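Morning, everyone. I have one chain to show you today. Please look at the screen.

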Amino acid sequence: MKSKTILILVIYSTLFAWSCSKYQTKKELSIETLLREMVNREQITNFPITSYQSLQASSYNRESISPDKPGWFADSDGIGFIRTEENNGKKEWVIMEDEGPGVITKIWAVCFYYGLDNTTGANINFYLDGETTPTISTNFFKLVKGQDFVKPPFADESTRAGNLYFPIPYAKRCKITMDDKAFYNIINYRKYPEGTNIKTFSMEDFEKTRNVQNEVAGILNTKPDISGKKSTTIKVLKKGNPIEMKFDAGGAIKQLEISLSETDNIAQALRSVVLRAEFDGEETIWVPVGDFFNNVSKSQAYEMWERSVKPDGTMVCRWTMPFKKDAKIYLDNFGDKSVKAKLTVTTDNYKWTENAMHFYATWQMDNPTPTFPLFDFNFLSATGKGVIVGDEWSVLNPIEGWWGEGDEKIYIDDDLEDNFPSHFGTGTEDYYGWAGGKVPTPADEFSKPFLGNIIVGAKSKGYNVCTRTRVLDAIPFRKQIQFDIESSCGKRSKSHFLQYAQTTFWYGLPGVKHNKKPLPEFASATLPSVADLEQEIEKAKGSQYVVDHALEAELLPVINKSTSVEENFDKIPMWGEISSGAMKNIWFEQTSDYAELKITEQFEKAKINICAAVGPNSGSFDIYVNGIKKGSQDLYSNHEGVTNPYLDLGICEPVNNAFIIKFEFTEGNPKSRANKGKYALGVDFFLIENDFLKRD
């Protein structure tokens, strides 16, 4: 009888656990449940039961269609959209569309509109569940800056941009439009399986959740103390003699606090002291503490949801790190000089389940990277099941000027077979929640709950450190993931270099594999400096001629041309060197033949000069900028060379943040020698002069 009773209880318990699991998959998702998820540190440690996809819509340049085809690194990422249509008697630009159920989890927008002087922009409309009247219709910039019905911290202004984190769920369908032509935007959303129980956003429901909003906002803003058992070790770290703390019997690390002292070089200590962690026998964290806490090159105070640095330099991490059996935390000094370290670990109980994941922090650093040719810098490649929850990127820039044109490209599961990412962004600063338009300065530093522009060099020269945390916009992967960001900057040359270091934060189920290995050689090396990169540049210049501030024409695509115009028809003879060793090579045949080149990311008027080839095969051309004729030039010469002085096009106004340069063939000089009926145009580079570097 006793054994029969036990059997009944076991069956009942099993059925109860199954019913709870089924209830979790059927539980209604709403504004309230999503807001509570936003501050639930334990929920994100479990692989999602509901199999949602993390997707992204953005204004990326539609010329990018495949990594195997031209246009993969195309700029001018601010004008892409799905289509135009007429709604309620007016034209609108569709920027996001999904057949539900789903949830909008984050929206970013640059907060100037086709020019730095227009900070009003267009309106944004949310059509939910197929309704023909928008549920939300308001000014786009005010919405993302927290100046409309959604307030900080759920929407807030950053640097020349805004970010909306308030969840907008929909049961059947979502369509988002602008009432004027599309401009820089990124929309993250979850796509749930059909049948998922979701309560569609309404203003009535928004008002009903005011108390929950206030509660969650208070948690995001104050980051309440973590409860649990605190263990502290203080030690002078010497190479090969780390702090080691062990924890048994299962549970979770709820908070890490690290402080470094008694060093005359805190910048070096932040790179040489490495945080390591093993959970259930597997090393999952290997990152210099400065990179882990966004403090590369100096100690910088800031406040974010999962990491903070206090004014006294104490570094705090609040990500929950579960373990089934045991955990080991290390602080290891790979440098030659000792440093005093204090490590405090807060642990607490945690129920390990089949969906529980270990916490990972993986670090990547390379030797100085040439800024041409362009390539996709890999943040992480992994196989198995996991969830991306954040990242950090530090860039050492040796010049005053912009370092981060690159778009994020995140391939999730089947994306790798499809050869196109689910997430295709619009620029590095956009990914981290702010905007360009000006050369950044330390005045552009900020930290919000989920975003940080933590360190900015003087006019971007020196170290620049950006970071991002993901909660509702976290990225689950069920088979594999490849997370890249383009290595792309404002100065592209084989003899110009940037220094990258990067950290990715993620959770993984036991058995997940990744491609990032410990890099003790970089942690132990002297922290790179501007002077180090300047030396690399000087060495490279010794083998290649590069004109300072040149925009190399060979990097620009021909966006339009006449049928008989042909690129690279033949080599254009040249005496002497050309900048970066290459030029744009175009051949014309008939009068009025034309070719157009596009210079993107231009937000103000500028003086434009052109360095072009001259020689016996060259013809005469009319030159236009955005449809306005700027001059005519006969490029014939008996001897090969380049224009000296440069061709001066004068002051030009950008249109849609771009200069379209049109070369129209007028005739061949009577002395010109046609090459099989074609005449050459060789463009070495453009010089774009404006107040970009002069503005504060």
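One term before we start: accessible areas here come from the Shrake-Rupley method with a 1.4 Å probe. On that basis, the accessible surface of this chain is about 28200 Å². Carbon and sulfur atoms hold 49% of that surface. Keep in mind that this is a predicted model.

Now the overall build. The chain has 11 helices and 47 strands.

Next, the inside. Of the 696 residues, 58% are buried. Take the contacts with a separation of 6 or more: 80% of them join residues 24 or more positions apart.

Charges, briefly. There are 80 positive and 94 negative ones in the chain. Their mean positions lie 5 Å apart.

Let's zoom in on helix H2, residues 31–38. Which of its residues are buried? They are Ile 31, Leu 34, Leu 35, Glu 37 and Met 38. Note that a glutamate, Glu 37, is on that list. These residues span an arc of only 160 degrees around the axis, so they sit on the same side of H2.

First up is Asn 163, in strand E8, residues 161–164. Its relative accessible area is 4%. The cut-off for buried is under 20%, so Asn 163 counts as buried. Setting aside neighbours within four places in sequence, Asn 163 contacts Lys 106, Ile 107, Trp 108, Val 144, Phe 154, Ala 155, Asp 156, Ser 158, Gly 433 and Leu 451.

Then Ser 488. Where does it sit? It is in the loop between strand E33 (480–487) and strand E34 (497–508). Buried or exposed? Ser 488 is buried, because its relative accessibility is 4%. Beyond four places in sequence, Ser 488 touches Leu 374, Trp 403, Gly 404, Glu 405, Gly 406 and Tyr 500.

That's my tour. Thanks.

Methods: Residues are numbered from 1 along each chain as its sequence is written. This is a predicted model: local features need pLDDT of at least 70, side-chain atom pairs count only at pLDDT 80 or more; totals for chains, interfaces and linings use all residues. Side-chain values use heavy atoms; hydrogens and water are left out. Helices (H or I, at least four residues) and strands (E, at least two) are DSSP runs, numbered from the N terminus. Buried means under 20% relative accessible area, exposed over 50%, partly exposed in between (1.4 Å probe, protein chains only). Contact means heavy atoms within 4.5 Å. Lys and Arg count as positive and Asp and Glu as negative; His and the chain ends are not counted. The place of a charge is taken as NZ of Lys, CZ of Arg, CG of Asp or CD of Glu. The arc is that of the directions from the helix axis to the C-beta atoms.
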